[in-house]
Amino acid sequence: MNTSEHGAHVEEIYLKENFLEELPNQLHKSLPLLSNMYLHRNNMVRLPEDLGYMQNLTVLDLSKNHLKGVPKSIKDLQVLKTLDLSHNHLTELDENIFKITSIEYLVAVGNQIHILPNSVANLTNLFGLYLSRNQIVTIPESLHNCRNIHELYLDHNLLTHIPSKLTMLPALSMLSLSSNQLLTLPALPFLSCPRLIFEDNPHLHHIPYMTGCQQTIMSYSSQATWAAMAGPVVQNTLHGVWNMRLQGCSQVQDDLPPVRSSALAIKIGKKDLILPSELGSVTPTSSGFLPSLTELCLKATYSLLSKSLYLSVNTSQDIHLHLQSLSVKTEGGQLSDCQLPSSTAATLARGPASFCSWPACSKPIFLESCVEILEKDVQRTFMGTGEVEMMSILATRFYCSSACYTNYAMGDLFTWETELLKRGISWR
């Protein structure tokens, strides 16, 4: 059969669940218009070197084969939108994949991948990145350049932290981090208010207070979640109980995974609360701490820059949570125009580690902070049954100085705010 004639008009080909061990060479000549190729669950161990000549390919499903790599020519598939390499034998993602700037969905679930390269930043059209069930130990900060990403699945890996820059992704709607080795989370609210999933991280002993409030408000506001909520769940939320899935967190007191050397820790009983590594100095709220001149200069300069973050926080008697609004300034100076020492410029480019928890202040915090430890109640809703499961977890709040904490504690507070302050835990 002359395939060059019979395949001239074929645009899609489905060869799922066969026993294919390889594809023929020069497939681009036999199927010149092929756009979608589905090769799920076969026995392929390699791909033809001329794969890149299939210039019309937009969907390539290679899941559940025995591939250990991809050909270099894959970089030439410049209209490819979906690449599925799930459940193969990959130990890395080939750099040539990250030269396909058209990719919108990259799926590599269930491999043995150890690292996500910095070149992921090239995928500026990326909508969904699915890397669950691998052995990834770190996520590059450059991922925050994928500004269009909506879904990021990193569960069932070996992550101990995620870059704080990920909180700046403007379109992120889902971030799955369950079943990792997380020690800490960014102490910043997320710009896009995504749904966060971080169950089964046994070494995660505290949740940033801003994150807990943001996630609870998002859950409360969701119509789908609201419809499934039982009355007690709604009342608990209004009374400040966090609505999050934290089962399997804060379970282990020893055998910590390796901690970044720069990360500070607070000891509460047998638990080590690992703080974001951006912080170089922390003290209790009772310490009388005043920020250094360096910290004050960072705050003042940052407020003058374009694209800097601005946080406003409101409280009410109706819902016992701090309601946050995070925005990005569109006016201001450019960091590149400032005559600053390189270390100062790098700190400002990285952005704040957190924000002050005194609502009247809410200024950015860079290197130094007072830290308040609270105990917070958390509920989990079982969809469809209305059943509620309760637990508690430690929460961290950050302040510019001891004065900010004192001004907040001595201010005109709602009763629920006063009661929350009473749940503070002393530390040294």
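This section describes the salt bridges, cysteines, pocket and cavities of a predicted model.

Residues are numbered from 1 along each chain as its sequence is written, and side-chain values use heavy atoms, with hydrogens and water left out. Because the model is predicted, local features need pLDDT of at least 70 and side-chain atom pairs count only at pLDDT 80 or more, whereas totals for chains, interfaces and linings use all residues.

Side chains of opposite charge can pair when their charged atoms come close. Nine salt bridges are present in the structure, the criterion being a side-chain nitrogen of Lys or Arg within 4 Å of a carboxyl oxygen of Asp or Glu. One of them joins Lys267 to Asp272, with 3.3 Å between the closest N and O atoms. Lys267 is partly exposed, at 48% relative accessibility; here buried denotes under 20% relative accessible area, exposed over 50%, and partly exposed the range in between (1.4 Å probe, protein chains only).

A salt bridge is also formed by the side chains of Glu295 and Lys299, at 3.6 Å from N to O. Both residues belong to helix 6 (residues 293-302), where they are four residues apart, about one turn of the helix. Helices (H or I, at least four residues) and strands (E, at least two) are DSSP runs numbered from the N terminus. Glu295 and Lys299 are both buried.

In the salt bridge between Glu375 and Arg423, the closest N and O atoms are 3.8 Å apart. This pair links distant parts of the chain, 48 residues apart: Glu375 lies in strand 19 (residues 368-381), and Arg423 in the loop between helix 9 (415-421) and strand 21 (424-425). Glu375 is partly exposed, with a relative accessible area of 33%, and Arg423 is likewise partly exposed, at 30% relative accessibility. Through salt bridges that share partners, Glu375, Asp377 and Arg423 are joined into one network.

The structure contains zero disulfides, a disulfide being a pair of cysteine sulfur atoms within 2.5 Å. Cys338 takes part in no disulfide, and the nearest cysteine sulfur, that of Cys297, is 12 Å away. Cys338 is partly exposed, at 29% relative accessibility. For Cys356, the closest cysteine sulfur is that of Cys404, at 3.8 Å, which is too far for a bond. Cys356 is buried, with a relative accessible area of 1%.

Grid points are joined across faces, edges and corners, and a volume is the space filled by probe spheres set on the points.

The largest pocket has a volume of about 520 Å³. Its lining comprises 23 residues, of which Lys165, Ser306, Lys307, Leu348 and Ala349 lie nearest the centre of the pocket. Helix 7 (residues 342-350) gives the most to this lining, with three residues. By class, the lining of the largest pocket has eleven nonpolar, eight polar and four charged residues, where Ala, Val, Leu, Ile, Met, Phe, Trp, Tyr, Cys and Pro count as nonpolar, Asp, Glu, Lys and Arg as charged, and the others, Gly among them, as polar.

Five cavities of 30 Å³ or more are found in the structure. The largest cavity has a volume of about 80 Å³ and is lined by Tyr209, Met210, Val313, His322, Gln324, Cys356, Ser357 and Arg397. Four of these lining residues are nonpolar, three polar and one charged.

Conventions:
1 Å grid on protein atoms, 1.4 Å probe; cavity = no way out; pocket = protein on both sides within 12 Å on 5 of 7 lines; lining within 4 Å.
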